[in-house]
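The stops below proceed from one selection to the next.

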Amino acid sequence: MVRMGELATSSTEGDVLVSIGLGSCIGLALIDVRRPIVGLAHVMLPTTTTEEGPEAKFADRGVPNLIARVKKLGAIRLEAVMVGGAQMFSFGGDGPSASIGPRNEAAVREELTKAGIPIKAAATGGRRGRTIRVHVEGTRVTVREVAGTEQELYGRTS
Amino acid sequence: MTPKYSDMQLDALRELANIGSGNAGTALSQLLGQPVDISVPAASALPLADAVEAVADPEAEATGVVLPIFGDFDATVVLLFLPDDEATLCRLLGMEPHTEDSFSMLGEIGNILGCSYVNALAAMTGLEMEPRPPETVADMAGAIVASVLATRGITGDLALVLDSELFLENEKCSLSFLMLPSHEGIGELLARLGLE
């Protein structure tokens, strides 16, 4: 379970990394293209405003942190899958807080571009919350909306 | 820096929540013509991820009414209904659940309850509190609460959660009433109470 602001990695067959109820938050999955090594970060806000808090809370630090952690497990060439970044409420008026979901998505994409990691699939935007599951086995990534069924976003055909 | 809260401050906030939710309970009781009970509210300062889980099972389907409060006291009121409770409430008010009309009705209930709660706080503290129109969303409980915390700029590491349950005495029906203040809002409130 990867909760808000947290990240996790695994290369253990049978492990599933999960972030439940992503609204404006982003679930970013990184997958090694050759070996079953995966990571998942649950990003809450685009840019760092405080040194406190868990290591994936802010996109500008969380994405590099996740990259470093999967590389430590032996990952070499990475691909990304993004889920979340919805805009669940329209209040917050015209302020930047109204569009926190899209801003999270833009910030994560920017960090991935900097690191040269291609985004292979995404279920982002809209108004609905989502749950992401990253399976080490078959390096599969699935997404589910409330009262919906599990959809496969990414999977290596063996 | 995220402020830390002392036990005495949390006690005072719990007492305020008690009075606020008492008022909200009375309003709900008048609205439905039914007796309403209130749990003793919880006031806790929790790491953000824990705050989401403390409120509800994050993946559970829920309907949330979200009411932003602006003014001297920045906060968000969230009413959470689980599907069975929402269905009971809709039945009592003669409405089909999960329709546009029922969402608008739940929004109005949120508005009335939220305003009664906030008015009680405003009267006690002399703070200016201005509720904005509510929004009703049906989604995963975790997505609703997490998005409120992110959207309302709760950027510190701790979220303050004032949590009360309202029960209909004659029905198996309850709803969660959450007050999620910003740290600035709480600072202002504690200052008024002489508990900085």
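Begin by selecting the interface of chain B and chain A, across which five salt bridges are found (a salt bridge being a side-chain nitrogen of Lys or Arg within 4 Å of a carboxyl oxygen of Asp or Glu). One of them joins the side chains of B:D139 and A:R128, with an N to O distance of 3.6 Å. The elements of chain B that give two or more residues to the side touching chain A are α2 (48–55), β3 (61–71), β6 (135–140) and α5 (141–151); helices (H or I, at least four residues) and strands (E, at least two) are DSSP runs, numbered from the N terminus. Of these, α5(B) gives the most, with nine residues. This is a predicted model, in which local features need pLDDT of at least 70 and side-chain atom pairs count only at pLDDT 80 or more, while totals for chains, interfaces and linings use all residues. Residues are numbered from 1 along each chain as its sequence is written, chains are lettered from A and ligands numbered from 1 in the order in which they are written, and side-chain values use heavy atoms, with hydrogens and water left out.

Next, display the whole contact, which takes 31 residues from chain B and 33 residues from chain A (contact meaning heavy atoms within 4.5 Å). The area buried between the two chains is about 2600 Å², with carbon and sulfur atoms giving 62% of that area; buried area is the accessible area (1.4 Å probe) that two parts lose on being put together, summed over both.

Now select A:M4, B:L80 and B:L149, the residues with the most contacts inside the largest nonpolar core, which has 53 residues. Such a core is a set of buried Ala, Val, Leu, Ile, Met, Phe, Trp, Tyr and Cys residues joined through side-chain atoms within 4.5 Å; buried means under 20% relative accessible area, exposed over 50%, and partly exposed in between (1.4 Å probe, protein chains only). The element giving the most to this core is α5(B), with eight residues. Which residues does A:M4 touch, not counting residues up to four places away in sequence? Among them are A:C25, A:H42 and A:M44 in chain A, and B:L48, B:V52, B:A146 and B:L149 in chain B.

Move to helix α3 (residues 83–92) of chain B, where B:D85, B:E86, B:T88, B:L89 and B:C90 are buried. The cover over these buried residues includes α1 (7–32), β4 (75–81) and α4 (100–125) of chain B. After α3(B) comes B:G94, with a positive phi near 65 degrees.

Select B:S21 in helix α1 of chain B. Is B:S21 buried or exposed? B:S21 is buried, its relative accessible area being 0%. A polar atom of its side chain lies 2.7 Å from the backbone oxygen of B:A17. Leaving aside neighbours within four places in sequence, B:S21 is in contact with B:I38, B:P41, B:Y117, B:S164 and B:L166.

Finish at B:R192, in helix α6 (residues 183–192) of chain B. B:R192 is partly exposed, with a relative accessible area of 43%. Its side chain reaches the backbone oxygen of B:G126 at 3.2 Å.

Methods: A polar contact is a pair of N or O atoms within 3.5 Å; within protein, one must be able to donate a hydrogen and the other to accept it, and residues adjacent in sequence count only if both atoms are side-chain atoms.
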